[in-house]
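Dear colleague,

Please find the structure below, handed over for your records.

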Amino acid sequence: HGMAILALIGLICTLGLIALWNLATLPELVLIPILCLLGATASGWNGVAMAEMARLCDPGEASRVIGAVLVYTFIGVVIGPSSMAALYGEIGSYGHGLALFAVASGIGTVIAAISAARQPRHRL
């Protein structure tokens, strides 16, 4: 149920980003758990995604498929921080920039949830 797990991770990430809307007003006791959850989602999704790609592609094609997808994954790593800086420069608010990233995360969450709902159920 990799897509369901990805949908859950996406939901946690989206809600965490929304929770940071008023970053400056959050007390540390609230901020620290939110940041820990966001860190877990940032480091936990890629292994699940790679396993799903390997499972869904033709046998023998996993390395090509995963390599191709990782190109786009790491484009996000490269342009994400500079995009946030540019957004902050334009709108002057970290909260609004985080909200825009929450929208992107929410779209991915919905796509993963729809994909999970369409996958046939397997009995253990």
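Which residues are buried in H4? They are Gly95, Gly97, Leu98, Ala99, Ala102, Ser105, Thr109, Ala112 and Ala116, where buried means under 20% relative accessible area, exposed means over 50% and partly exposed lies in between, with a 1.4 Å probe and protein chains only. The cover over the buried residues of H4 includes H1 and H3.

The model is a predicted one, in which local features need pLDDT of at least 70 and side-chain atom pairs count only at pLDDT 80 or more, while totals for chains, interfaces and linings use all residues. Residues are numbered from 1 along each chain as its sequence is written, and side-chain values use heavy atoms, with hydrogens and water left out.

Overall architecture

The protein has 4 helices and 0 strands, and its pattern along the sequence is α-α-α-α. Helices (H or I, at least four residues) and strands (E, at least two) are DSSP runs, numbered from the N terminus. The C-alpha trace spans about 50 × 30 × 20 Å along its principal axes. Of the 124 residues, 28% count as buried. Among contacts with a separation of 6 or more, 59% come from residues 24 or more positions apart; contact means heavy atoms within 4.5 Å. The accessible surface of the protein is about 8,300 Å², and 72% of this belongs to carbon and sulfur atoms; such areas come from the Shrake-Rupley method with a 1.4 Å probe, and for residues only the protein chains shown count as cover.

Helix H4

The 25 residues of H4 should span 36 Å at 1.5 Å a residue, and the end C-alpha atoms of H4 are 36 Å apart, which agrees. The expected span is 1.5 Å times one less than the number of residues in the helix. Serine 105 lies in H4 and counts as buried because its relative accessibility is 15%. Leaving aside residues up to four places away in sequence, serine 105 touches Gly10, Cys13, Thr14 and Leu17.

The largest pocket

The largest pocket has a volume of about 1,300 Å³. On a 1 Å grid over the protein atoms alone, a pocket is an open set of points with protein on both sides within 12 Å along at least five of seven lines, whereas a cavity is a set of points where a 1.4 Å probe fits but cannot get out; lining residues have an atom within 4 Å of a point. Its lining comprises 35 residues, of which Cys13, Ala42, Trp45, Thr73 and Ser105 lie nearest the centre. Helices H1 (2–19), H2 (28–56), H3 (62–91) and H4 (94–118) each supply at least two lining residues, and H3 gives the most, with 12 residues. By class, the lining has 23 nonpolar, 11 polar and 1 charged residues. Here Ala, Val, Leu, Ile, Met, Phe, Trp, Tyr, Cys and Pro count as nonpolar, Asp, Glu, Lys and Arg as charged, and the others, Gly among them, as polar.

Proline 33 lies in helix H2 and is partly exposed, with a relative accessible area of 40%. The C-alpha atoms of proline 33 and glycine 16 are 9.5 Å apart, with the two residues 17 apart in sequence.

Valine 69 is placed in helix H3 and is partly exposed at 32% relative accessible area. Valine 69 and methionine 50 are 8.8 Å apart, C-alpha to C-alpha.

Leucine 70 is also in helix H3, and at 26% relative accessibility leucine 70 counts as partly exposed.

Conventions
Grid points are joined across faces, edges and corners, and a volume is the space filled by probe spheres set on the points.
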